[in-house]
Each structure stands twice: as C-alpha cells, then as structure tokens.
Amino acid sequence: MSRSRSESKDKCGVCSKVTGSDTWLACELCDGWFHSKCVNVKDDAYKILQELETCHWYCSQCNVKLGKIIPTMVKLHDRIQDVDNRVAKMENDMTVHIGNVIKIKQDITEKMTGRKQHD
Ligand SMILES: [Zn+2]
Ligand SMILES: [Zn+2]
C-alpha cells in the first residue's frame with residue numbers, strides 16, 4: 001500500500017486546497033486525500049501512520065460509515081458461522097442417516113438371500 005501522494009493536484013477533502021509541503025493522509029476507504037492538520041492528526045500520530053502498515057486511517061465520513069457497517073458485518077459473520085455450524089451438523093446427520101440406510105439395506109439383503117454379505 002502506498003501512502004505517498006500520486007499527483008500534486010490532489011485536493012484535500014476537508015479544505016479543498018492543494019498544498020505541496022503539508023503532510024497528507026489518504027483515506028483507505030474512499031481514496032480521498034486530507035491534510036493531516038485538517039483531520040486533526042498530530043505529527044507524531046502521522047509519523048506512526050506512515051511507518052506502520054498495520055495502522056489504518058479513514059476519513060471522518062468513512063469512519064461514520066464504518067461505525068455503522070462494522071457491527072452489521074460482525075452480526076453477519078456470526079450468522080454465517082451459525083449457518084456453517086448447522087450445515088456441518090446436517091451433513092453429519094446425513095452421513096449417519098445414509099449409514100443407517102446402508103445398514104438396513106444390508107440387513108434386508110441378508111434376510112432375503114439368507115447369508116451374510118461381504119464387502
Ligand atoms: Zn486541508
Ligand atoms: Zn474516506
């Protein structure tokens with residue numbers, strides 16, 4: 001991921017000004033560019049954001065969206081997990097049922113032929 005400014009004509013999402021020498025931050029969601037001072041990111045925080053790839057920054061608009069999306073995603077994840085568990089249980093039950101059916105079929109065959117079947 002590159003946080004360096006690609007074009008000098010990028011405008012700040014807050015003040016809409018093009019500034020060369022100021023420090024900038026890119027929102028990782030909307031790709032918008034913002035002066036670090038326009039989004040109240042202090043110099044030391046800015047340094048950390050630049051140095052740590054695991055440190056993510058989102059603009060305030062995306063932050064609001066994320067604040068709403070993340071709980072939904074977490075709930076969705078839980079539901080998917082629940083469905084997965086149920087499918088796994090159903091598959092397990094099916095295997096047991098199929099096993100029973102095979103056994104019943106073998107029993108019938110044994111009774112009909114009067115001798116044991118060998119696999
Ligand atoms: Zn600005
Ligand atoms: Zn954004």
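**Exercise 1. Work out why Ser16 counts as exposed, and describe its backbone.**

Step 1: Recall the cut-offs: a residue is buried if 20 or more other C-beta atoms lie within 10 Å of its own, exposed if 12 or fewer, and partly exposed in between, with C-beta atoms placed from the backbone.
Step 2: Ser16 counts as exposed because it has 8 C-beta neighbours inside 10 Å.
Step 3: Ser16 lies in the segment before S1, and its phi is positive, about 60 degrees, although Ser16 is not a glycine.

A word on the model before going on: this is a predicted model, in which local features need pLDDT of at least 70 and side-chain atom pairs count only at pLDDT 80 or more, while totals for chains, interfaces and linings use all residues. Residues are numbered from 1 along each chain as its sequence is written, and chains are lettered from A and ligands numbered from 1 in the order in which they are written.

**Exercise 2. Describe the fold and find its largest nonpolar core.**

Step 1: Helices (H or I, at least four residues) and strands (E, at least two) are DSSP runs, numbered from the N terminus. The protein has two helices and two strands, in the order β-β-α-α along the sequence.
Step 2: A nonpolar core is a set of buried Ala, Val, Leu, Ile, Met, Phe, Trp, Tyr and Cys residues joined through C-beta atoms within 7 Å. The largest one holds eight residues: Cys12, Trp24, Leu25, Ala26, Trp33, Phe34, Trp57 and Cys59.
Step 3: Strands S1 (24-26) and S2 (33-35) each supply at least two residues of this core, and S1 gives the largest share, three.
Step 4: Across the protein, buried residues make up 8% of the 119 residues.

**Exercise 3. Follow helix H2 from end to end.**

Step 1: H2 (residues 60-113) has 54 residues and reaches 77 Å from its first C-alpha to its last, close to the expected 80 Å (1.5 Å times one less than its number of residues).
Step 2: H2 bends by about 25 degrees at Leu66, the angle being taken between axes fitted to the seven residues ending there and the seven starting there.
Step 3: Just after H2, Gly114 takes a positive phi of about 75 degrees.
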